[in-house]
Amino acid sequence: MTIKIRRFILPALLVSQMCFIFTMSSFGHNSSDAQSNLFVDFIAQNFPHVRHGLENNLISLNTLIFLVRKTAHFTEYSILGALFYLNFRQLSKLNSRPKKILLSIIFSFFYACTDELHQIFIPGRSAQFRDILIDTLGASFGCLLIHAVLTLFIKLKSSSNSNSK
């Protein structure tokens, strides 16, 4: 990917992800429940162990809905953390990898705080500090995962180039 394309696409993807998170947080309680229930129904229909657990009260429906919602938080912010890292990675002024990782996590944390603040103004929604923690953990995971994948890719590429000489 050329540098010009990277400098346009990566920030656009970051802003798109931020808009997606904002939009998802803008849905009221009923709409949010409907989205969660779609996934819960899919899981219950396609994973017999889960269906068995629900039918035999080994796992409650509320617990499954909670897990689906928190997994969505984690996943949204994993993508956000990875995109922040990829964008910071392009900045030549930030020459240290730990600084790029830390800034990605901090920016994701602050975005999670503003997201929870935004939810206070949505009927049927509330701000949860637990969600900020889950979001920050997701961002940390995404950031560290993309860092590890890129580091591995660079090492494999350099070793294959040195072997071909």
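The largest pocket holds about 690 Å³ of space in this predicted model. Its lining counts 29 residues, and Ser32, Ser36, Arg69, Ala72 and His73 lie nearest the centre. Helix H1 (3–26), helix H2 (29–46), H4, H5 and H6 each give two or more residues to this lining. H4 gives the most, with 10 residues.

The second largest pocket holds about 300 Å³. Arg6, Leu10, Leu86, Arg89 and Leu150 lie nearest its centre. H1, H4 and H6 are the elements that give two or more residues to its lining.

The model has six aromatic pairs. In one of them, Phe74 and Phe141 are tilted, with 5.6 Å centre to centre and 40 degrees between the planes. This pair links distant parts of the chain: Phe74 sits in helix H4 (residues 61–89) and Phe141 in helix H6 (residues 129–163), 67 residues apart. Phe74 is partly exposed, at 30% relative accessible area. Phe141 is also partly exposed, at 44%. Elsewhere, ring pairs join Phe84, Phe88 and Phe107 into a cluster.

How far does the confidence reach? The chain has a mean pLDDT of 89, and 98% of its residues reach 70 or more. Confidence is highest in helix H5 (residues 97–120), at a mean of 95, and lowest in helix H3 (residues 48–55), at 82.

Definitions and conventions
Residues are numbered from 1 along each chain as its sequence is written. This is a predicted model: local features need pLDDT of at least 70, side-chain atom pairs count only at pLDDT 80 or more; totals for chains, interfaces and linings use all residues. Side-chain values use heavy atoms; hydrogens and water are left out. Rings of Phe, Tyr and Trp (its six-membered ring) pair if their centres lie within 6.5 Å; planes under 30 degrees apart count as stacked, over 60 as edge-to-face and the rest as tilted. Helices (H or I, at least four residues) and strands (E, at least two) are DSSP runs, numbered from the N terminus. Buried means under 20% relative accessible area, exposed over 50%, partly exposed in between (1.4 Å probe, protein chains only). pLDDT is the predictor's confidence in each residue, from 0 to 100. On a 1 Å grid over the protein atoms alone, a cavity is a set of points where a 1.4 Å probe fits but cannot get out, and a pocket is an open set with protein on both sides within 12 Å along at least five of seven lines; lining residues have an atom within 4 Å of a point. Grid points are joined across faces, edges and corners, and a volume is the space filled by probe spheres set on the points.
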